[in-house]
Amino acid sequence: MSGEDEAACCADALSDAFLEARERDLRERLGRRRFEHTLGVAGTAARLARTYGVDERKARLAGLLHDWDKAYDDAGIRVRVEELGLAVDPYVFEEMPWLLHGPTAAAALARAFPCLPRDVVQAIARHTAGAVGMTGLDMVVYVADALEPGRDYAGLDEIRALVGRVPLEELYLATFRHVFLSLVERRKRIHPQSIEIWNYYLARSHDAADERKGRKGTA
């Protein structure tokens, strides 16, 4: 596919018609509460994208599609992984298969709709566990999944209050911390990569703080 063809194809995937068609698909694929959650994530992702200078259409689309495979149970998602030929962490496959609905959704959607932008596909894949080296779009979708209006867990309002007041990466780190601590408090399993992700972004946060102090010191 030429560069021009790829650009035209990408534009089609970001069109209102494509978004509305996938919304109809999701209404059939998901239960009512999960479908309402996806609409909440799509809207929240779009608002975060406007605030932080991320592509709003891509954010809305990735937010809408992020739970495309959420209706699969544990056995079903394992079969889905095998059908799609995905290489996943064996521990997650056996002990935490529910976290794989992001990677399977991304792979299935990319196969069904080849014109989906690659960064949208990646954001869908990364929304469950996060990753080192998240893009702005990745972070927007991850945060939107946690902060959409239907979520009412303790502590979320404090994170919502940070929107627009702190950089996107700091907002992502605050959200990741909340999710991590919630899992620990509820004695839930933690994704094997979570410590690496936390350490990576904590170090970046400290480096950014030191840089700000350095600029103030030389002002």
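A word on conventions to start. Residues are numbered from 1 along each chain as its sequence is written, and side-chain values use heavy atoms, without hydrogens or water. Because the model is predicted, local features need pLDDT of at least 70 and side-chain atom pairs count only at pLDDT 80 or more, while totals for chains, interfaces and linings use all residues.

**Overall fold**

The protein chain holds twelve helices and zero strands, where helices (H or I, at least four residues) and strands (E, at least two) are DSSP runs numbered from the N terminus. The C-alpha trace spans about 55 × 45 × 35 Å along its principal axes. Buried residues (under 20% relative accessible area, 1.4 Å probe, protein chains only) make up 42% of the 219 residues. Of the contacts (heavy atoms within 4.5 Å) with a separation of 6 or more, 63% are between residues 24 or more positions apart.

**The pockets**

A pocket here is an open set of points on a 1 Å grid over the protein atoms alone, where a 1.4 Å probe fits, with protein on both sides within 12 Å along at least five of seven lines; lining residues have an atom within 4 Å of a point. A volume is the space filled by probe spheres set on the points, which are joined across faces, edges and corners.

| Pocket | Volume | Lining | Nearest the centre |
|---|---|---|---|
| Largest | about 1200 Å³ | 34 residues | Lys-70, Asp-145, Arg-151, Tyr-153, Arg-186 |

Helices α3 (32–52), α9 (136–147) and α11 (168–185) each supply at least two lining residues of the largest pocket, and α11 gives the most, with six.

**His-101**

His-101 sits in helix α7 (residues 101–112). His-101 counts as buried because its relative accessibility is 5%. Its side chain makes a polar contact of 3.2 Å with the side chain of His-127 (a pair of N or O atoms within 3.5 Å, one able to donate a hydrogen and the other to accept it; residues adjacent in sequence count only if both atoms are side-chain atoms). Beyond its neighbours within four places in sequence, His-101 touches His-66, Asp-67, Asp-69, Lys-70, Ile-77, His-127 and Thr-128.

Notes: Buried < 20%, exposed > 50% of the residue type's maximum accessible area, 1.4 Å probe, protein only.
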